[in-house]
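Please look at the sequence and the model before reading on.

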Amino acid sequence: MAFLPKSNTETLRKYLALDQGGRVQAEYIWIDGNNGLRSKTTTLDFKPTDVSELKEWNFDGSSTNQAPGNNSDVLLRPAAIFRDPFRGGDNILVLAECYNNDGTPNKTNYRHSAAKIFEKHADAHTWFGLEQEYTLFDSEGTVLGWPKSGYPAPQGPYYCSVGADVAYGRDIVEAHYKACMYAGVNISGINAEVMPGQWEFQIGPCEGISMGDHLWMARFLLKRVAEDFGVVVSFHPKPIKGDWNGAGCHTNYSTEAMRKEGGIKAIYEAIEKLAQRHAEHIAVYGEDNEQRLTGEHETGHISQFSSGVAHRGASIRIPRHVAAEGCGYLEDRRPASNIDPYRVTAIITETTLG
């Protein structure tokens with residue numbers, strides 16, 4: 001892989017500090033036809049205070065695998081606003097939904113249907129917390145910190161590691177953490193993961209549709225931060241074959257009933273419902289997930305549903321403290337790192353509350 005060198009941030013800084021004359025830059029961000037992210041920027045003559053004040057825009061969907069060339073306009077409808085940590089000031093990031101020019105949701109727009117499900121079950125007050133694992137690669141396609149030929153020492157010292165000999169890419173991780181906090185993304189933590197060069201950030205708790213909004217924005221921020229460092233982010237669930245951990249997006253879930261005293265009963269009822277629709281969930285739990293869900297490396301097997309207390313090799317894990325306290329949440333360990341969070345949170349809600 002060949003990539004441009006990292007951006008000249010010192011040179012850029014003097015231009016970013018220039019006065020904008022009261023105008024605002026609004027960067028519209030959307031999900032493309034390959035489950036990736038795209039963006040472009042427009043200038044506003046005012047500082048918006050609500051997403052309803054923002055204009056509907058469009059883009060060439062034939063260049064993003066979202067529309068044919070003879071009918072290529074795809075509409076962008078603003079859905080959520082975040083502060084822009086790259087440009088600063090009053091500038092904003094706008095997460096947008098994609099619609100076809102006849103007003104129907106684009107094939108990539110899973111937010112539209114998810115919002116309906118969350119609205120239907122609003123009284124349940126569904127909370128989610130997503131654990132996003134990812135892998136960092138250098139500009140030559142080698143996992144960050146790995147030797148150019150061969151492999152690093154086996155897994156063991158890298159999880160939650162400290163030290164230059166075991167933790168690779170911390171500057172990117174810390175920059176991303178601060179960028180999320182500045183933007184208003186509900187990031188709740190970070191840690192180095194089991195495979196060297198692999199990290200995790202956690203988003204949540206978020207209620208309903210906001211979970212997908214915040215995770216997608218956090219992914220965008222990570223990609224942009226890594227761009228400044230000349231590093232590539234991979235969300236593939238098994239970026240390195242062999243005896244190395246894959247990357248997941250463990251999904252923590254609860255309803256108000258689960259969080260109340262005696263909520264463990266509602267948790268077990270939800271697990272029973274999840275067991276009955278295992279195949280349907282796996283179908284939307286990420287591409288290439290079969291490479292990760294092998295029954296090894298802290299996963300359950302993709303073809304089998306299982307659950308247990310403090311069992312990291314199960315499909316559904318009940319944390320030890322939840323079992324002890326009799327209320328709380330469950331962790332669905334099946335989702336891959338490349339999931340669309342709208343699809344995953346929606347099907348969990350629909351299955352457990354439908």
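**Charge pairs and fold**

Glu-140 is exposed, with a relative accessible area of 55%; exposed means over 50%, buried under 20% and partly exposed in between, with a 1.4 Å probe and protein chains only. The side chain of Glu-140 meets that of Lys-148 in a salt bridge, 3.2 Å from N to O. The model is predicted: local features need pLDDT of at least 70, side-chain atom pairs count only at pLDDT 80 or more, and totals for chains, interfaces and linings use all residues. Residues are numbered from 1 along each chain as its sequence is written, and side-chain values use heavy atoms, with hydrogens and water left out.

**Salt bridges**

- The structure holds 16 salt bridges, each defined as a side-chain nitrogen of Lys or Arg within 4 Å of a carboxyl oxygen of Asp or Glu.
- Lys-148, the partner of Glu-140, is exposed as well, at a relative accessible area of 54%.
- Arg-38 pairs with Asp-32 in a salt bridge whose closest N and O atoms are 2.9 Å apart. Asp-32 is buried, with a relative accessible area of 5%, whereas Arg-38 is partly exposed at 29%.
- Between Arg-77 and Glu-56 the closest N and O atoms of the salt bridge are 2.8 Å apart. Arg-77 lies in strand β4 (residues 73–83) and Glu-56 in the loop between β2 (37–44) and β3 (57–60), so this pair ties together parts that are 21 residues apart in sequence.
- Arg-77 has a relative accessible area of 30% and is partly exposed; Glu-56 is also partly exposed, at 44%.

**Fold and dimensions**

- The chain has 9 helices and 13 strands, taken as DSSP runs (H or I, at least four residues, for helices; E, at least two, for strands) numbered from the N terminus.
- Along the principal axes, the C-alpha atoms fill a box of roughly 60 × 50 × 40 Å.
- Of contacts (heavy atoms within 4.5 Å) between residues at least 6 apart in sequence, 66% join residues at least 24 apart.

**Burial**

- Buried residues account for 52% of the 354 residues.
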